[in-house]
Amino acid sequence: ARTLLIDTDTASDDAVALMMALRSPQVEVAAITVVAGNVPVEQAVSNALYTAELCGSDVPVFAGCDEPLKRELESATWFHGQDGLGDHGFRPTRRTAEHGHAVHALSSCALANPGLEVITLGPLTNLATALLRDPSIAKNISRCVVMGGAPCCEGNVTPAAEFNIWVDPEAARIVMLSGIPIELVGWQLSRYDAALNVDDIEKVLALDTPLARFAIECNSRAREAYLEQTGEHGISLPDPIAMAVLLDPSLALEVSEHDVEIECESVLTRGMTVVDRLNVTRDERNASRWGEVHDHGRPAKIVWKLDVPGWK
Ligand code: BDR
Ligand code: CA
């Protein structure tokens, strides 16, 4: 059986990704660790608990880091709503968080489950902190799908950077350089053909179940934001796409491995996922250009294309 740990800054699209994993027969979710990102960490914990309740799951939920390693938290309530779930009053009624800290839970879970799969749906602060405290956990993680990055310079916070990486670039850098086998599912994949269109939304609502209604309702603010950003009706769902790739790797139609570094110095390109597609940083002729800070990065798999009907 595949054992999965989900790290999330639970807001609207995270909630859909959680439902996918909690209801999937393909994985056993050992724990949900929560981090500050879209919303403050207490709110994200409440959202994860509510989602787990709705799925009838008793998966343990742990509260984690409440701010990035070196920066102030910048949340995304303008996109997800003040409570991260579109402000409909979704609150847990039965469940509460575990007592331990998410960073500790993450390490214990990795140590107890060699071959553990991890997916990160928020800033990488929890995983980076766990790695700083005990780098040996890396060897027990067989696969880490990271929803993050914008390798084509199509960021959603700046032209260069995607939210999860931009919020805590230092943490992202630690994870990228840790030796964990990383698969990057960038934000740009969730737009255009992969976004839910109006017909898709109607199909989901026609299921007429509490989970289907919640999946659409909790994205109501995200739907408005998508319209403001693109002029189109729809919902873009980066975290569920990453979860889909985790659950069924065959959905990633084009994947290639390249060195990846994270930009932590510049203001213009803060949090950029710098993907060395042409291997130039390993070219000896360029070696003198790369100091200690900017070495050639580490290999990560980058997903470029999804199995989506009509993908251009
Ligand atoms: C990512 O940031 C958040 O807004 C979403 O939940 C997703 O994880 C997209 O950039
Ligand atoms: Ca997220």
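What follows walks through the fold, the packing and the ligand surroundings of this predicted model.

Nine strands make up an open sheet, in the order β3-β2-β1-β4-β5-β6-β9-β7-β8, and the pairing is mixed. At the edges sit β3 and β8 (273-276), each of which pairs on one side only. From one strand to the next, the twist averages 30°. Helices pack on this sheet too. One of them, α2, touches β1, β2 and β3, and its direction makes about 175° with that of β3. Another, α7, touches β6, β7 and β9, with its direction at about 110° to that of β7.

Some of the strand pairs can be followed residue by residue. β5 and β6 run parallel and are joined by four bridges; here Cys144 stands opposite Ile182 in β6. On to the next pair: β6 also runs parallel to strand β9 (residues 298-306), this time with two bridges, and Glu183 stands opposite Lys301 in β9. Strand β7 (residues 252-262) pairs with β9 in the antiparallel sense, over eight bridges. Within β9, Arg298 is the bridge partner of Val260. Strand β6 (residues 182-185) is covered on both faces, with Ile182 and Leu184 buried on one side and Glu183 and Val185 buried on the other.

Take Ala242 as an example: leaving aside neighbours within four places in sequence, Ala242 is in contact with Ala17, Ile119, Leu121, Val145, Met147 and Val185.

Helix α5 (residues 125-133) is largely enclosed by the rest of the structure, because seven of its nine residues are buried. The buried ones are Thr125, Asn126, Leu127, Ala128, Thr129, Ala130 and Leu131. They pack against β1 (2-8), β2 (27-34), α4 (102-112), β4 (116-120) and α7 (169-176). In α4, the buried residues are Ala102, Val103, Ala105, Leu106, Ser107, Cys109 and Ala110. The cover over these α4 residues includes β1, β2, β3 (61-63), β4, α5 and β5 (141-147).

Back on helix α2 (residues 41-54), Leu49 is worth a look. Leu49 counts as buried because 22 other C-beta atoms lie within 10 Å, and the cut-off for buried is 20 or more. Not counting residues up to four places away in sequence, Leu49 touches Val61, Pro92, Arg95, Thr96 and Ala97. Thr10 is 39 residues from Leu49 in sequence, yet the two are 9.5 Å apart in space, C-alpha to C-alpha.

As for ligand 1, 16 residues surround it, and the closest are Asp13, Phe163, Trp187, Pro238 and Asp239. The elements that give two or more residues to this shell are α1 (12-22), α6 (163-167) and α11 (238-247). By type, the shell divides into eight nonpolar, four polar and four charged residues.

Finally, two aspartates have backbone angles to check. Asp87 has a positive phi of about 60° although it is not a glycine, and is found in the loop between α3 (77-80) and α4. Asp87 counts as partly exposed because it has 14 C-beta neighbours inside 10 Å. Asp208 likewise is not a glycine but has a positive phi, of about 55°. This residue, Asp208, is found in the loop between α8 (198-206) and α9 (210-217). With 8 other C-beta atoms within 10 Å, Asp208 is exposed.

Methods
Residues are numbered from 1 along each chain as its sequence is written. Chains are lettered from A and ligands numbered from 1 in the order in which they are written. This is a predicted model: local features need pLDDT of at least 70, side-chain atom pairs count only at pLDDT 80 or more; totals for chains, interfaces and linings use all residues. A residue is near a molecule or strand if its C-beta atom, placed from the backbone, lies within 6 Å of it. Ala, Val, Leu, Ile, Met, Phe, Trp, Tyr, Cys and Pro count as nonpolar, Asp, Glu, Lys and Arg as charged, and the others, Gly among them, as polar. Two residues are in contact if their C-beta atoms, placed from the backbone, lie within 7 Å. A residue is buried if 20 or more other C-beta atoms lie within 10 Å of its own, exposed if 12 or fewer, and partly exposed in between; C-beta atoms are placed from the backbone. Two strands pair if DSSP finds at least two bridges between them. Axes are lines fitted to C-alpha atoms, for helices over the stretch in contact, and angles run from 0 to 180 degrees between N-to-C directions.
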